[in-house]
Amino acid sequence: MARSKATLCTWLGCPGLLGCFLLGFLAGWFTKPTDPPPNSSDVYQNVRQKLVAEMKAENIKQFLRSFTKLPHVAGTEQNLLLAKQIQDQWKEFGLDSAELVHYDVLLSYPNEKQPNYISVIDDQGNEIFNTSLFEPCPQGYENVTDILPPYNAFSAQGMPEADLIYVNYGRTEDYFKLEREMGINCTGKIVVARYGKIFRGNKVKNAILAGAQGIILYSDPADYCAPGVDAYPDGWNLPGGGAQRGNVLNLNGAGDPLTPGYPAKEYTFRYKVNEGVGIPKIPVHPIGYHDAEVLLRSMGGPAAPDSSWKGSLNVSYNIGPGFADNSSTRKVRMHVHTNNKITRIYNVIGILRGAVEPDRYIILGGHRDSWVFGGIDPTTGAAVLQEVVRSFGKMKMEGWRPRRTIIFASWDAEEFGLLGSTEWAEENARVLQERAVAYINTDSSIEGNYTLRVDCTPLLYQLVYNLTKEILSPDEGYENKSLYESWLEKDPATEKNSYPRINKLGSGSDFEAYFQRLGIASGRVRYTKNRKVDKFSNYPVYHTVYETFELVEKFYDPTFKKQLTIAQLRGKLVYELADSQVIPFDCRDYGEALKGYSNRIYKLAKKHEEQLKTYKVLFDPLFSAVVNFSKAAAEFHRRLEQVDKKDPVAVRIMNDQLMFIERAFIDPLGLPGRKFYRHVIFAPSSHNKYAGESFPGIYDAMFDIESKADQHEAWEEVKRQISIAAFTVQAAAGTLKEVA
């Protein structure tokens, strides 16, 4: 202590020395070079670049390998273990929270003690041919247990016996051909349809409407084998013993069949299982093309009406009903014992809280459940989601936060009717309607390896174009070119061929409830096949046991660069939507799209020119509303360019108008007969759930209108739908006007 006092006295006794020190310090401070503080746009660009640079193909590969080792069907222990693994990793990656959210929904499984199969029976009822009970297991997976045999979830139970009729793809137009042109009645018969062209649930619905007792689905080599490619494991074609699983519901957006419109929680009222929404009343069963060939080889009746009814099997593709010649007394018997039961499912919900607008949400969601290993569907999407979450988590751990909140979701039970995503949307509908900016889907990241495929709201067109120009193309022969350039060259739009093709959103994946029911701007991106050349449906081994990690590694994306590219694009979409000061939507593209859609529907109506005059059907109000919307959109973007970016209230007002424009196209009453599809501009086609239809209310009212018994009533419904569309577009235009 004495020493401290002495030191202090020495300092105080030397004012000259202290003065010199202070003078030197101040001189040094004021003469040091000054670095300008990083401006917000520099920080913004830096985070964008780091986020994408952080993503690695090797990580996606390892996630894919890890997630596809065992079957993980919704409602099974293995899928819950996978959910917990993903939850733990999200916490480790640095998300603010990662929770399991459960629902108790109706699922459907084969009966272990009574297998499903198809028989040919003789006139004594003896089974003289039976289809396979299982798919031959791929090499390396022989010891894996819990592989469910091929089945169609939610099929009715039953053992119907009847003559067989071949119905091509089982589309509406195929039944028109049979009934109206060929005079073939399917009532009381069992029909066999090949997979492809439309959603399998629509095939079943059409069979029921035609009066069939049951329906057999099979994959024809014409639709599930590419020319010159070997069957798996030597190539990526479907082996003859492979059969496509899949649900055959017609939910029309209802979610859990027993709790339509409401979340399937413990407290929720449930309908009885036999009262569930969209559950078929006839047995359905899928078979491979080796078994199908045996059934089709013996068919009698007239020949196929034209070449479009013929596949690639070595058979004549006769229609029936029934078998020919010596087999004419034989019939087909179905054995379907599938059970429906209420089962618990688990979503994983991760949150990265926004720093400036935490009450504005960007959702990146994709499903985790698969039919077997899920090598492509969904795990090329789940692996990409995992790498995107890891990259965002790394940025957060380094001190960054997005402007808006990002919600990451690993959905359960998508394969059983989009159940996990729909139940969560139902439970959180009020909050999401007020706060959700956009939903980006992250289902399979590849369904082919030729070029990019984009399906999205017109609000996202410009953002997608701009981001694909910043990402390098992974395509062979396009080194040092952008993803936009390879996409444009390989798949230009039909009408505006100076831009690449962007498709309308239909359904078939987890964006449905967010876009079609709640009106949240949505989009999905993935790699796909060559649309012009590859005539096979989906990818050949879709929903079979042959969808393995090795399928992807060996044939589809050996370098994992295509999946990395999709990770970069999905990640950038989420980043821009979450961190841009102004939400990067462009309403002017919506105006252009509406103009094209209204012209298309009018062109369709003009085929009935006489009826348009007779029943005084006018499209003028719709055309006028579209013009008004385009003007309002142009004026809105003019004001947006002039908005004071330093005024947070002014920016928030414009952003809210952008966020709510998609919501403005929602009709709370829904479409006729499809109350959970509420978007007036877009809906899944009534004849193919996978495809998107524009102005669906008008389109459906006019479909096959010439065969309607009451023409006056039919055209009155067309007029009603035109008025609903005109009002909705006009009302949407009103939301873009300057706030009073």
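Helix H6 (residues 172-181) has Thr-172, Asp-174, Tyr-175 and Leu-178 buried, where buried means under 20% relative accessible area, exposed over 50% and partly exposed in between, with a 1.4 Å probe and protein chains only. Down the axis of H6, these buried residues fall within an arc of 160°, so they line one face of the helix; the arc is taken from the directions between the helix axis and the C-beta atoms. The model is predicted: local features need pLDDT of at least 70, side-chain atom pairs count only at pLDDT 80 or more, and totals for chains, interfaces and linings use all residues. Residues are numbered from 1 along each chain as its sequence is written, and side-chain values use heavy atoms, with hydrogens and water left out.

**Around helix H6**
- The buried residues of H6 pack against S6, strand S7 (190-194) and helix H7 (200-209), contact meaning heavy atoms within 4.5 Å.
- Helices (H or I, at least four residues) and strands (E, at least two) are DSSP runs, numbered from the N terminus.
- Just after H6, Gly-183 has a positive phi of about 65°.

**The open sheet**
- Four strands pair in parallel in the order S6-S7-S8-S10; two strands pair if DSSP finds at least two bridges between them.
- Strands S6 (164-166) and S10 (284-287) are at the edges with a single partner strand each, so one side of each has no neighbour in the sheet.
- Strand S8 (residues 214-218) is joined to S10 by 4 bridges, and Ile-216 has His-285 as its bridge partner in S10.

**Cysteines**
- The count is 0 disulfides, a disulfide being a pair of cysteine sulfur atoms within 2.5 Å.
- For Cys-225, the nearest cysteine sulfur is that of Cys-137, 19 Å away; Cys-225 is buried at 19% relative accessibility.
- For Cys-456, the nearest is that of Cys-587, 14 Å away; Cys-456 is buried at 3%.

**Salt bridges**
- There are 48 salt bridges, each a side-chain nitrogen of Lys or Arg within 4 Å of a carboxyl oxygen of Asp or Glu.
- Glu-426 and Arg-517 form one, with the closest N and O atoms 2.9 Å apart. Glu-426 lies in helix H11 (residues 419-427) and Arg-517 in helix H15 (residues 512-517), so the pair ties together parts 91 residues apart in sequence.
- Glu-426 is buried at 8%, and Arg-517 is buried at 7%.
- Arg-453 pairs with Asp-455 at 3.1 Å, N to O; Arg-453 is partly exposed at 24%, whereas Asp-455 is buried at 3%.
- A network of salt bridges links Glu-357, Asp-359, Arg-360, Arg-403, Arg-404, Arg-652 and Asp-656.
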